[in-house]
Amino acid sequence: FDDFDQRGYNYLLSRHGFMKDLYKVLDFKFLDGNIVMPFKYHGEVFYYQIRFSNKNSKIRYFFPPIQAKPPYLIEHHVDKPRIIICEGIYDAIACLILAPDFIPCAVLGSSVSDYQLDFIREYTPCEIVIYMDETNISQRIADKVKSVIDYCPIRIIRSEGQDPEEKMKEMLKMGRRNLKLIK
C-alpha cells in the first residue's frame, strides 16, 4: 500500500479537517486512491478494511475474507480502560474526539459478536458506553454486552438517526470549540 495518494487524502479531508493529521497517526494507507485502514491488536496490524473513495463505486467497503470479523479499536493511553462502542471506523475516529477518555471500538455493523466481545473483555473495561445511530440498536448491543460483561456500568447515548461522526460535524458547524461530548 502507498503512504500517500492525493485523491485518497482529498477524500479524507472531505470527511472533516481532523483527518489531515489523524490519517498518519492511525497508519492509514492508500491503494489506487482508496483508503486502507489497518486494524491493530496491541500495536500490530492483523487485518484491514478498504474504503472506496470513488462515489460511483458499487461497493463502499471491502473486508478481506476472514472467519470472524474483528472490532476496530483505536488503542491509546487512557487512565482507566473505558470503551465506547460505535458502528464504523469513521464513527470510532469521531469518538476519539468526542470521548477522548475512552477507547473507541467499532463493531462494523448494528450488532456485536461474541468474538468482538472477547476483544472488548480483554481490556477489562471499568465502563462501557454505546453510541449507535439509533437508540434501539444501542439498547440491543447493551443487552448483549451485559450478558457477557456484567462487572462494569454500561450506558447508551441516545440517538434518533445521528451517528457520532454526524454529531461531531454538527458541533463543528455550530462553531463549538470544545468537542468533548462524552465524559
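Q: How many helices and strands does the protein chain have?
A: The protein chain has 6 helices and 9 strands. These elements are DSSP runs numbered from the N terminus, a helix being H or I over at least four residues and a strand being E over at least two. The model is predicted, so local features need pLDDT of at least 70 and side-chain atom pairs count only at pLDDT 80 or more, while totals for chains, interfaces and linings use all residues. Residues are numbered from 1 along each chain as its sequence is written, and side-chain values use heavy atoms, with hydrogens and water left out.

Q: How does the radius of gyration of the protein chain stand against that of a compact globule?
A: The rule is 2.2 Å times the number of residues to the power 0.38, with the radius taken over C-alpha atoms. For 183 residues a compact globule would have a radius near 16 Å; the protein chain has 16 Å, which agrees. The C-alpha trace spans about 45 × 45 × 30 Å along its principal axes.

Q: What is the strand order of the open sheet of 5 strands?
A: The order is β5-β7-β6-β8-β9, with mixed pairing. β5 (72–73) and β9 (154–156) are at the edges because each has a single partner strand, so one side of each is left without a neighbour in the sheet.

Q: What makes β6 a partner of β7 and of β8?
A: Two strands pair if DSSP finds at least two bridges between them. Strand β6 (residues 82–86) is joined to β7 (residues 103–106) by 4 bridges, and the two run parallel. Another 4 bridges join β6 to β8, again in parallel. Within these pairings, Ile-85 stands opposite Cys-105 in β7, and Ile-84 stands opposite Val-129 in β8.

Q: Why is β6 called largely enclosed?
A: A residue is buried under 20% relative accessible area, exposed over 50% and partly exposed in between (1.4 Å probe, protein chains only). In β6, 5 of the 5 residues are buried, so the strand is largely enclosed by the rest of the structure. Arg-82, Ile-84 and Cys-86 point one way, Ile-83 and Ile-85 the other.

Q: What makes α3 largely enclosed?
A: Of its 10 residues, 10 are buried, so α3 is largely enclosed by the rest of the structure; among them are Tyr-90, Asp-91 and Cys-95.

Q: How do you know that the length of α5 agrees with its number of residues?
A: The expected span is 1.5 Å times one less than the number of residues. For the 14 residues of α5 this gives 20 Å, and the end C-alpha atoms are 20 Å apart, which agrees.

Q: Why are the buried residues of α5 said to line one face?
A: The arc is that of the directions from the helix axis to the C-beta atoms. Seen down the axis of α5, its buried residues fall within an arc of 150°, so they line one face of the helix. They are Thr-135, Ile-137, Ser-138, Ile-141, Ala-142 and Val-145. Their packing partners are β6, α4 (114–122), β8 and β9, contact meaning heavy atoms within 4.5 Å.

Q: Is Gln-49 buried or exposed?
A: Gln-49 has a relative accessible area of 2%, so it is buried. This residue is in strand β3 (residues 44–51). Not counting residues up to four places away in sequence, Gln-49 touches several residues, including Ile-35, Phe-39, Tyr-61, Ile-89 and Leu-108.
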